[in-house]
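Please look over the model below with its domains, a pair of helices and a ligand site in mind. The briefing that follows takes these topics in turn.

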Amino acid sequence: MSDICIKDEINRLKKENNIKILAHNYQNYEVQQVADYIGDSFYLSKLATELDCETIVLCGVDFMAETVKILSPDKKVILPVQEATCPMANMIKPEDIVDFKKEHKDFKVVAHVNTSAEVKAVSDICVTSSTAVNIINSLQEENILFVPDINLGNYISKNITNKNIISWNGYCNVHDRVKKEEVIQMKNKFPNAPVLSHPECREEVLAVSDFVGSTSEIIDYANKIDAKEITIGTETGVLHVLRKLNPDKKFRLLSNSLICINMKKTTLEDVYNAMIGKGGKEIELEENVRVKALESLEEMIRLAN
Ligand code: 13P
Ligand code: SF4
C-alpha cells in the first residue's frame with residue numbers, strides 16, 4: 001500500500017473504531033502526520049486521562065505506552081513496535097530502589113517518567129523533564145534520590161540548592177553524547193542562533209546553552225523568541241514540529257548524533273498494523289503494580305498543576 005493509502009486507511013480506522021493516535025515529539029514525520037496529538041512526555045501522560053476513546057495507539061517508546069495504560073486502565077493501549085524501548089529507562093530496576101530505601105529511610109524517591117511501571121510502583125513520585133524542578137522544589141523532604149538520569153538530576157540540583165539530591169548514574173545515550181565543543185562550534189559559526197537544549201544533555205553542554213527545557217518547552221520557546229535562526233539541542237524529531245509551526249525560521253540540529261533509534265522504529269505501516277490487530281504490543285500490567293505506579297503518577301499530576 002502507498003503512504004497516501006495507508007494514511008487514508010489509518011484515518012478511516014480511527015473514526016470507525018474510536019481510536020486516538022498519540023505521538024511523541026521525536027516520532028518520524030509521517031507518524032506525526034497521522035497523530036491526533038503530538039507532545040512531550042508530560043502532555044501525553046496527562047492527555048491520556050482526558051481522552052474519551054476506546055483505544056490509544058501510543059507512538060513513542062514503551063514507558064510512554066505503559067504510563068498511558070497506568071492512567072487509563074479501561075482503554076486498550078497499543079505500542080506499535082514492541083522493541084521500541086528507552087535504554088535509559090532500563091538503567092534502573094525496582095530492586096535497586098527497594099535496596100536503597102532499606103538503607104536510606106529518610107529519602108524520598110523521585111522517578112523520571114522514563115522508567116518502567118515496576119520502578120514507578122516502588123518510587124514515591126514521578127516527574128518529567130518539564131515538571132521536575134517545580135515538583136521537587138515543592139516537596140517537604142530534604143533528601144531526594146532521583147532516578148535514573150544523572151544529567152537531569154544534575155540540572156535539578158543546580159536549580160534547587162536547598163535540598164540534598166542524589167542522582168542515579170543512568171543517562172540518555174542520545175543526549176549524553178552531545179559535547180560542549182559542539183555548542184561552541186555552532187555558536188561561532190551561527191552567532192545569531194540561540195542554542196536550545198534538553199536537560200538530559202550533560203551539565204557542561206547546558207552551561208553554554210541559551211535555554212534549557214523539555215521537548216515541548218523548547219518548541220514553545222522557539223515559537224515565541226524573535227530569532228530568525230535557532231540551534232536545537234534535542235532529538236531531531238522536534239524539527240518536524242518546529243518547521244511546521246515556524247516556516248519563516250531556520251532550524252539546525254546541534255549535533256548529527258541527536259537521533260534516538262528507538263523513537264525512529266515506528267513507521268506508518270506499524271501504526272496501521274497495530275490498528276488492525278496485526279502487530280505491536282498491547283500493554284498489560286499486573287494490577288498491583290499498576291495501582292502503585294498510579295499513585296506516583298497521580299502525585300506528579302497533582303503537584304504539576
Ligand atoms: P520530554 O519529556 O522532553 O518529551 O522527553 C522525553 C524523552 O524521552 C527525552 O529524551
Ligand atoms: Fe530514551 Fe533518550 Fe530516546 Fe528519550 S531520546 S527515549 S531518553 S533514549
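A crossing is called left-handed if the near helix is turned anticlockwise from the far one by less than a right angle, and right-handed if clockwise. This is a predicted model, in which local features need pLDDT of at least 70 and side-chain atom pairs count only at pLDDT 80 or more, while totals for chains, interfaces and linings use all residues. Residues are numbered from 1 along each chain as its sequence is written, and chains are lettered from A and ligands numbered from 1 in the order in which they are written.

**Helix pair**
- The crossing of H11 and H12 is right-handed, helices here being DSSP runs (H or I, at least four residues) numbered from the N terminus.
- Helix H11 (residues 215-224) packs against helix H12 (residues 238-245) at an angle of about 25°, with the axes 10 Å apart.
- H11 is therefore roughly parallel to H12, a term for angles under 35 degrees.
- Thr 215, Ile 218, Ile 219, Ala 222 and Asn 223 of H11 meet Val 238, Val 241, Leu 242 and Leu 245 of H12, contact meaning C-beta atoms, placed from the backbone, within 7 Å.

**Domains**
- An automatic or database assignment gives domain 1 (3-84 + 263-284), domain 2 (89-172 + 289-304) and domain 3 (180-253).
- The C-alpha centres of domain 2 and domain 3 lie 27 Å apart, and nine residues of domain 2 are in contact with twelve residues of domain 3.

**Ligand 2**
- Around ligand 2 there are 13 residues, of which Cys 86, Met 88, Cys 172, Val 174 and Cys 260 come nearest, a residue being near if its C-beta atom, placed from the backbone, lies within 6 Å.

Definitions and conventions: Contact = placed C-beta atoms within 7 Å. Axes fitted to C-alpha atoms, helices over the stretch in contact; angles between N-to-C directions. Helix = DSSP H or I, 4+ residues; strand = E, 2+ residues; numbered from the N terminus. Parallel < 35°, antiparallel > 145°, perpendicular 65-115°, else oblique.
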